[in-house]
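Got a minute for a quick tour of this protein and its ligand? Have the sequence and the 3D view open side by side, and we'll go through them topic by topic.

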Amino acid sequence: MLLIHSKNELKSELNQLRENNQTIGYVPTMGALHEGHLSLIEKSVSNCNSTVISIFVNPTQFDNPEDLDKYPRNVANDLKKLKERFSDNLLIFAPSSTEIYGEELQAEQFDFGEIENKMEGASRDDHFNGVGTVLKKFFTLINPDQAFFGEKDYQQLLIVKKLVEILNLPLQIVGCPVSRTKKGLARSSRNKRLTPQQKKEALLLYKSLKWTKINFGVKTAAALVNKIKQDFKSHPDFTLDYFEIADAETLESVTNFKDNKKYRAFIAAFIGEVRLIDNMALN
Ligand code: AMP
């Protein structure tokens, strides 16, 4: 396991691996690693000879300076977790912001089509351009065979697939299932900012998705959405940002369910100042 901070050192390590015909898996993260991240790394380790993990809190994907500021950062702790779980063949790339962006912290503008304007794209200004900008830099630098992303950020997963198509990269994007606590809370670095009481309450997101899945096909889409919106209105500790039932491919909001389509429910809510997201396949 090697901790690397500079692009040049990473390049020379990767050149050696390539010379030895090693396949390279890549797992981008913003650190504060938890079981969700580790599940992606496990997948990469089982699919590829070597795995690169980036730990980089990407400034251009945050529209809220306070959220960026409060994002948990602890690379030493992340390394400890990785060493406990994995043995060899991991390259940990933890660059500074200047190493990646130079002096110009600017997001490139991409055309991801309709999917970029919905949900996370509508709620967070320029978010997906920031994600696209940093991933273009990392994909170009690392040139991995496969890259691993969580369905926890399902819309991001679709955006990344679109980015790879736009840039015409020889890279396979592998989606991995949402990792949850025993009770169902989707694991997230932001959960660290919740009090124990808020952590219990945050289960409302999971319960809402689960209820929607159980009642999918029994009630209309409008009835499902209204019920969840009402639940959140009557809960003083939450502010619902969005709850949507959408086509899993296009993310178009759904009014009538069709037999041959896949649907997912998506939720984003503030509990106190912390914004949580989750989603679930309905069929
Ligand atoms: P982040 O550090 O939040 O940017 O996440 C890095 C990667 O881990 C992204 O591909 C996320 O979708 C994924 N991820 C985060 N939380 C989870 C989770 N609970 N289950 C599965 N993947 C996750």
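This is a predicted model: local features need pLDDT of at least 70, side-chain atom pairs count only at pLDDT 80 or more; totals for chains, interfaces and linings use all residues.

**Who surrounds the ligand**

- There are 16 residues around the ligand, and those that come nearest are Met 30, His 37, Asp 153, Ser 179 and Arg 187.
- Sorted by class, that shell has seven nonpolar, six polar and three charged residues.
- Two or more shell residues come from each of β2 (24–29), α2 (35–47) and β5 (146–150).
- Helix α2 gives the largest share of the shell, with three residues.

- Asp 153 puts a polar side-chain atom 2.6 Å from an oxygen atom of the ligand.
- Gly 150 works through its backbone instead: an N or O atom there lies 2.9 Å from a ligand oxygen atom.
- Ser 179 also uses a backbone N or O atom, this one 2.8 Å from a nitrogen atom of the ligand.

- Gln 146 sits in strand β5, and it counts as buried because its relative accessibility is 14%, under the 20% cut-off.
- The side chain of Gln 146 has a polar contact, at 3.0 Å, with the side chain of Asn 47.
- Asn 215 belongs to helix α10 (residues 203–215).
- With a relative accessibility of 13%, Asn 215 counts as buried too.
- Follow the chain from Asn 215 to Leu 282 and you cover 67 residues, yet their C-alpha atoms are 9.3 Å apart in space.

**Positive phi without glycine**

- Ala 32 isn't a glycine, but it has a positive phi of about 50 degrees.
- You'll find Ala 32 in the loop between β2 and α2.
- Ala 32 is buried, since its relative accessible area is 6%.
- Asp 126 is another non-glycine residue with a positive phi, near 65 degrees.
- Look for Asp 126 in the loop between α6 (119–123) and α7 (127–142).
- Its relative accessible area of 37% makes Asp 126 partly exposed, because that value falls between the 20% and 50% cut-offs.

Note on methods: Residues are numbered from 1 along each chain as its sequence is written. Side-chain values use heavy atoms; hydrogens and water are left out. A residue is near a molecule or strand if one of its heavy atoms lies within 4 Å of it. A polar contact is a pair of N or O atoms within 3.5 Å; within protein, one must be able to donate a hydrogen and the other to accept it, and residues adjacent in sequence count only if both atoms are side-chain atoms. Helices (H or I, at least four residues) and strands (E, at least two) are DSSP runs, numbered from the N terminus. Ala, Val, Leu, Ile, Met, Phe, Trp, Tyr, Cys and Pro count as nonpolar, Asp, Glu, Lys and Arg as charged, and the others, Gly among them, as polar. Buried means under 20% relative accessible area, exposed over 50%, partly exposed in between (1.4 Å probe, protein chains only).
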